[in-house]
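Look at the model below before reading on.

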Amino acid sequence: MRMTLLAVGSRGDVQPYIALGVGLQSAGYQVRIATHSHFEALVRERGLEFFLLRGNIREILGSHAGQALIDRRTSFTHFLRDLKRALGRTMELVLADSFAACTNTDVILYSPLAFAGPHLPEKLHVPSIPAFYLPLSPSRAFPFIMAPPSLHLGPLYNVAAALLAEQVSWQAIRADINRWRQLHLRLPPASLSSPLFRLAKQQNLMLYGYSPQVLPKPHDWGAWIEVTGYWFLDRRPQWEPPPALVQFLAAGPPPVYVGFGSMMPSNPERLARTVLEALQATGERGILATGWSDLTTTLSSDRILIVEDIPHDWLFPQVSAVVHHGGAGTTAAGLRAGVPTIIAPFFVDQPFWGHRVATLGVGPTPIPHKELTTQRLITSLDQARKPQMQAQAADLGTRIRQEDGVARAVSCLQRYLQGATPV
């Protein structure tokens, strides 16, 4: 059986689907990953088929509209406006390529930004399954992922806000989707109701690739929704760390890891200076990951090491704490390592995960990146050193490491497909 996984976004958005693809391939499926050129080597080195989705996410985030997405604390509707502006023609290209990627497949799995996913079954008559790494189904138990996490207005508000955001999001892209449906799929316009709303009514399988230890499956989600555990893509056995990194780790106590992944702040120099001043004030050694923003410093110090791309599953168990943007993938890696997590969120789901980390007692209260100051980071680093937080982080890490989210997701898919009929 042939499976195509549509994975749209940055490294943190794509890597879980490569992990899932490896698990599916081990179970005997032919797996194709449709994603961007940045990740072709990562896909092919795992023995998976690669299909190109045009569009450069790094260029999008670095554009003027992309910076508006990252740097503005704005309303949800303004976020959607900036998102559409940042995507530009990329959405049209990705939609066309997604259709091409799936024309000879038996099953489709798709990520949250793979907007073609819910529509392809109408044309191709194959199952298309949402496989998400963040909770998008409405629930009374927690707020919508882009609602202010500190806003506690009760269960009805949680559901209403999620439903409203879902519908507003759909209306923002519906014209683009319908144009693609007409020109490429030769299908009539999609209805006013959102794809997620229609999927909930159909009660077909939905996979959520995060740990129930971090966010338990709420009681108001149906049996067709599965929270499997994280989909981790660990380093390849032959990978070797840079000698300078090995030497740095051996030269002193465990350092603090600092990295902001694909986030591209408008003033990375200020961000780097804030981090370094806080590390110096607390006497911590630090590993600074450059990321897409080329976060670096001109300050010379034998207590700071600057690195590029280091596998989190190797590095994070060897540090004392992780400081990052709160992306779902980096958050997952830090929690699995069992070390305290300090989150300085930028946008989208990052404040949500920062709030979850603080609620679980495995990290301080998140600090929005534009409010990150040396003193606030010093306070957070001091909190991360407290024995209670370290013990809680270690305990959560043990429980996450006992899960196998990929294996459970594969098992759920197999059971579903045995009873599924083509759409």
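Predicted model: local features only at pLDDT ≥ 70, side-chain atom pairs only at ≥ 80, totals over all residues.

## The nonpolar cores

In soluble globular proteins, nonpolar side chains tend to be buried together. The largest nonpolar core here has 87 residues. Within this core, L109 and L120 are the residues with the most contacts. Helix α8, which covers residues 155-185, supplies the largest share of the core, eight residues.

Leaving aside its neighbours within four places in sequence, L120 is in contact with L6, S98, F99, C102, I108, H125, W180 and L185.

Strand β5 covers residues 128-132. Five of its five residues have under 20% relative accessible area and so count as buried; the strand is therefore largely enclosed by the rest of the structure. The side chains of β5 point two ways: S128, P130 and F132 go one way, I129 and A131 the other, and all are buried.

Two strands pair with β5. Strand β4 (residues 107-110) pairs with β5 in the parallel sense over three bridges, and I108 stands opposite S128 in β5. Strand β6 (residues 206-208) also pairs with β5 in the parallel sense, over two bridges. There, F132 has Y208 of β6 as its bridge partner.

## A buried histidine

Where does H119 lie? H119 is in the loop between β4 and α7 (120-124). Although H119 is in a loop, its relative accessible area is 0%, so H119 is buried.

The surroundings of H119 can be listed. Not counting residues up to four places away in sequence, H119 touches W170, I177, W180, R181, L185, L187, A190, P195 and R198. With one of these, R181, the side chain of H119 makes a polar contact of 3.1 Å.

## Cysteines

A disulfide is a covalent bond between the sulfur atoms of two cysteines. How many disulfides does the model have? With a cut-off of 2.5 Å between cysteine sulfur atoms, the count comes to zero disulfides.

Are C102 and C412 buried or exposed? C102 has a relative accessibility of 1%, and therefore counts as buried. C412 has a relative accessibility of 3%, so C412 counts as buried too.

Definitions and conventions
Residues numbered from 1 in each chain as written. Heavy atoms only, no water. Buried < 20%, exposed > 50% of the residue type's maximum accessible area, 1.4 Å probe, protein only. Core = buried A, V, L, I, M, F, W, Y, C linked by side-chain atoms within 4.5 Å. Helix = DSSP H or I, 4+ residues; strand = E, 2+ residues; numbered from the N terminus. Contact = heavy atoms within 4.5 Å. Pairing = 2+ DSSP bridges. Polar contact = N/O pair within 3.5 Å; in protein donor to acceptor, adjacent residues only side chain to side chain.
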